[in-house]
Amino acid sequence: MSRGEGVFRKIGENYGVLILVLVFTVIGSNILQPGILSLQNVSSMITFGVEIGLIALGETLVILGGGGGIDLSVGSMYAVSQVVVGLLAQRNVNILLAVAAGLATGVAMGFVNGLLVTRVKIPAIITTLATMYAFSGVALLLTDGIDVSAFPASYSFIGQGLIGGLPAQFVLLYIPAALLLWIVLSKTVYGQQLYLTGTNQLAAVLSGINVKQVRMWTYVITGFLTAVAGVVDSSRLVTARPDAGATANLAAITIAVLGGTSIFGGKGSVWGTAIATLVITLVSYSFSLANINSVIETGTIGGVLIVVILFQGYLARWFARGGRVSVKA
Amino acid sequence: MSLLALQNISKAFGGTQALSSASIDLNAGRVHAIVGENGAGKSTLIKIIMGVLQPDAGQIVLDGKVAAITTPSEARRLGFSCVYQEPLIFPHLSVLENIFIGHPVIDRFGNFDTAVMREKALPIFRSLGLDPDILPVSISKLRLGYQQLVLIAQALVYDSRLIMFDEPTSILSGAETDHLFDVITFLRQSGKAVVYISHRLEELLAIADEATVLTDGRVVGHTDRSELEPERLLALMAGKATRDYAGSAEQRKQAVQHEGTPVLSVEHLTLDPLFRNVSFSVHQGEVLGLYGQVGAGRSEVALSLFGYLRPKSGTVRLRGQEVRIRSPRQAIAQGIGYLPEDRKLQGIFSFQSISSNLISTVLPRLAGPFANIRWREVAKVVNRFRTDLNIKMGAPGDPIISLSGGGQQKVMIARWMAVNLSVAILDEPTRGIDVVTKRDLHDLIRSLAEQGLAIIVISSDLPEVLAVSTRIMVMNRGSIVASYEEVTDALAEDILGAAIGMPAEEEAQ
Amino acid sequence: MKPLAVATQSIGNQPIDQSLQTGKRSVRYETILLVIVALVVVIIAIGSHGNFWSSSNLTSLLVDAAITAVPAIGMTMVIVMGGIDVSIGSVVGLTATVAGLAFEQNWPIALVVLLTLATGAIAGLINAWFIASRKLPPIIVTLGTMSIWRAVVYALLGGNWISTIPMTLTAWFVLDKLWIIPWSFVLTVVLVLIAAYMLRRRPMGRHVYAIGSNEEAASVLGLPTKRVKYMAYVSLGALTAIAALMTLGQSPLVQATTGSGFELDVIAAVVIGGTSILGGRGTVIGSLLGAILTQLISDGVILFQIQPFWNGVVTGAMIIIAVIMSLLNQRGAAHE
């Protein structure tokens, strides 16, 4: 296999579906809503996309780490952290301190997930399913189910402000986060360790890598990122909602998988996730513009998830056969 | 006419020839022993008979007609059963269910007819000497020896004509072994064809009607009961080893000086039931060959030294200082390295590049001030090993799977050479590797020792152990049974004998 | 032929490894559950000053338990085989919607029931195709179908409610009683007993446990793995449809959010009932007790006038505790 062929195969196998879906979505959204890719619309889209984009970055890390890693509780952590900020702001706590507390809460929840998965060794599906409901309950309890809106005016900058014409959350938060994670994954020791752990857990242990700690960090980082996303969301709406993020886990997992992250670990990238975020945000936005209910939108994303994972399987087998249609032997 | 005949069967995996033109005749009412070291091709043979693998060449003749055994279900339908070393059971089901799960007897309502199944099982249980009271018990509660008997019952219930045993006694006590032999005698008398695979020659004397010796995938000998002498079999098995070894005798005439504190010293290391009371030491510049059959406990000892398993008792000293190593990370920090036995499962990161695979053990060392990996340094390191070890590869960033088996193994070894080691434990370093690379690796091992490394080579390949070691230790059933301070060709048979539990002709040093 | 000596005599030891019999294991998990249920009943009854025993409370408790326990039968089989299904909440919505729409068209009730069951079964079939035939991970597939069915419900309802549900359902499932026990609960017990019997006595039932115990050995021995998995998911779908009908009996209303979050209740019931997440172990009777226990706690929350938001927290915590205990149990028994 020549170098060129090898590269083609690698990109095709991991990102083939993404590229197809991207093209399909761009064309489709233009048909649905002509002119959707205007500058104004794109700016709006970015505003929405940052939140799920941050969460998806975290989810990517967790799934990358392998061993059945997944985080279903991201939506609930998103809600709890914004609620914490909101309630503190309501009690006239300095907004910066309130935000810091919210972020710390996110880290703490991520830590709980990480602890249960890596130390107590409860499978991630069950752990994060349970914490999803538990954390959601906490958000409702703290607020009695009522939205919290007592934020200082300055708070809205993060979610509504502009820097150089681009949304503030994008410039201040998403770009740095994505860049930082990209550097971590591709250039640092931790990033290497994460890829190795996800590829072959046993070999990683035998190479002296602390697999437990590597995976623990993915859950903690995810908790932090969901908290940041929660701050962005509550800033944009100037309201902290305890029922926010109900469908965030589905969207985050779909984005991660669409972006080339293998559900078994060891494969995935910030690039892929970022582009996939774009795609899913485009889908959501065009649905909103076309006044399609968000429930339908979520259903579509579910459909995308299944189609993506189905076709990734087909693609992998197609490439394994050398790119030819199989001949029944 | 034989029940099943394999004629000139060949099978290759990647670069290695697991079986070359092997032929064997299996007859009803006879116990046919298959003898050979690990890697000799025995398990490949079983897998072909059980339909798990297909031969590359040769033919299978069943009841006089050419046949193909395409799937495991097919093999079972043809009446072939195999009792593996590790009983293949459904731990959550009862004994009765385990026996009948593939072939349940159903009453007219469509339910499990427990009564009828019991009745079918009773005579078989009687023949095997099993108490029918265990039928409703969950099989995971039985001792391994009894689980094995249940699997034999399963084979009999399926009306198997050919029953194979793969190293059955490795999990049995002495009394259980005797009982197993009674059972095998019963099977023979019932007209079954029995295949008995074992490296324990003394057992064959007790029950085999004939024996086929496999070495390196070839049938090197076949004896009938009348000529069944352990010494003769031993000679057949060892013969090739002696021939192979003769060439490299000159290379290690210098006796290695064992002065001063040993680099590694192990005292009474025990982890029941895997290994017991293991004591030995290794000095700088030594290559200690640890020989034995699979299940002897060698890898387990290595994994304990490496911190992956925790021994129940015993002391480990590095350069005289006692150490407690609780994880591979700590082991590496102390200068102990371990090259795993199964590179595919335990070593290779198949999605990553050659570089990533090579530096997995030394990532922190190749990092800059922000924990950033200095990829240029990495490339230098990789290229250095590429030249030193003569690895045929493209660029360091190429995927590891683009390399041959031999190339991958060299990268695995380079992974450990990159670490500042005092002790290197290599577990089956040349398994599945082509001959040329094998020789390269042996030379490498010797040169590493000359540079001062203390090396332990675990191997089931007798020529390899003889070629590369300056001292040899033999393990059998979890204990060290023999130790040789000097390596000469005459030792081949002794070593083999010790590994399989036979008393040596002369006193071993 | 010389008769073989009896193995125990010639070998000199017992076939059963005594070290694997710990004291705990001799008491069945279901018995412990039953004791806990009884205890909780006592606590709640006392704490609520006897309100627990009121006819309305008992009825709603038993109906709730029935609604959770019926799909738990199917979920037990799915989880024993190492899978999971988080889409059943949406399937409740789907089947309830289909039933509601049929009722609006004045279909005879027998036909509606059939249609509803069929819908549930088809939803299960679709899951099974992706999971057993295409071999995709169950969590991902069911996450996807969960949202798809929810969208279908919304599309079918068009933002409206359906309230033209005949009272027959309510009569059947809630009002009519065998002594003081609603027929829905009686039906549940019957279904559980039938399922327990089939899982114990029928080959396909034993195959469920075999596959959960050692899937590799199961394929090697030629067991019909795919067929068994299909059976489990399709049954789960049909049983979910029954639960949907019971729900309609309890509150004759279908809206877009009907069934939301239901999957947690069922999974909690199964896990608390002793089914191991790692597969191979679990009983439908345990799941029934688990369903009763979870609904008891819910009921207690209401009776003690604790905020309903505590439900999620408590259920989540109970799942974690149940799994930890199950893991401890398994690891304890594995020590030689």
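1. The contact between the two chains draws 19 residues from chain A and 23 residues from chain B. These values come from a predicted model.

2. On the side of chain A that touches chain B, the elements giving two or more residues are α8 (189-199) and α9 (201-206) of chain A. Of these, α8(A) gives the most, with seven residues.

3. The composition of this side of chain A may also be noted. By class, the side of chain A that touches chain B comprises eight nonpolar, nine polar and two charged residues.

4. Chain B contains an open sheet of six strands, ordered β16-β17-β18-β13-β19-β20, and the pairing in this sheet is mixed. At its edges stand β16 (336-339) and β20 (479-484) of chain B, each of which pairs on one side only. On average, and with direction ignored, neighbouring strands of this sheet are turned by 20 degrees against each other.

5. Strand β13 (residues 287-291) of chain B runs parallel to strand β18 (residues 454-459) of chain B, and five bridges join the two. Which residue of β18(B) is the bridge partner of V287(B)? The partner is I455(B).

6. Helix α9 (residues 298-305) of chain B lies across β13, β16, β17 (423-427), β18 and β19 (471-476) of chain B. Relative to β17(B), this helix runs at about 145 degrees.

Methods. Residues numbered from 1 in each chain as written. Chains lettered and ligands numbered in written order. Predicted model: local features only at pLDDT ≥ 70, side-chain atom pairs only at ≥ 80, totals over all residues. Pairing = 2+ DSSP bridges. Helix = DSSP H or I, 4+ residues; strand = E, 2+ residues; numbered from the N terminus. Axes fitted to C-alpha atoms, helices over the stretch in contact; angles between N-to-C directions. Contact = placed C-beta atoms within 7 Å. Nonpolar A, V, L, I, M, F, W, Y, C, P; charged D, E, K, R; others polar.
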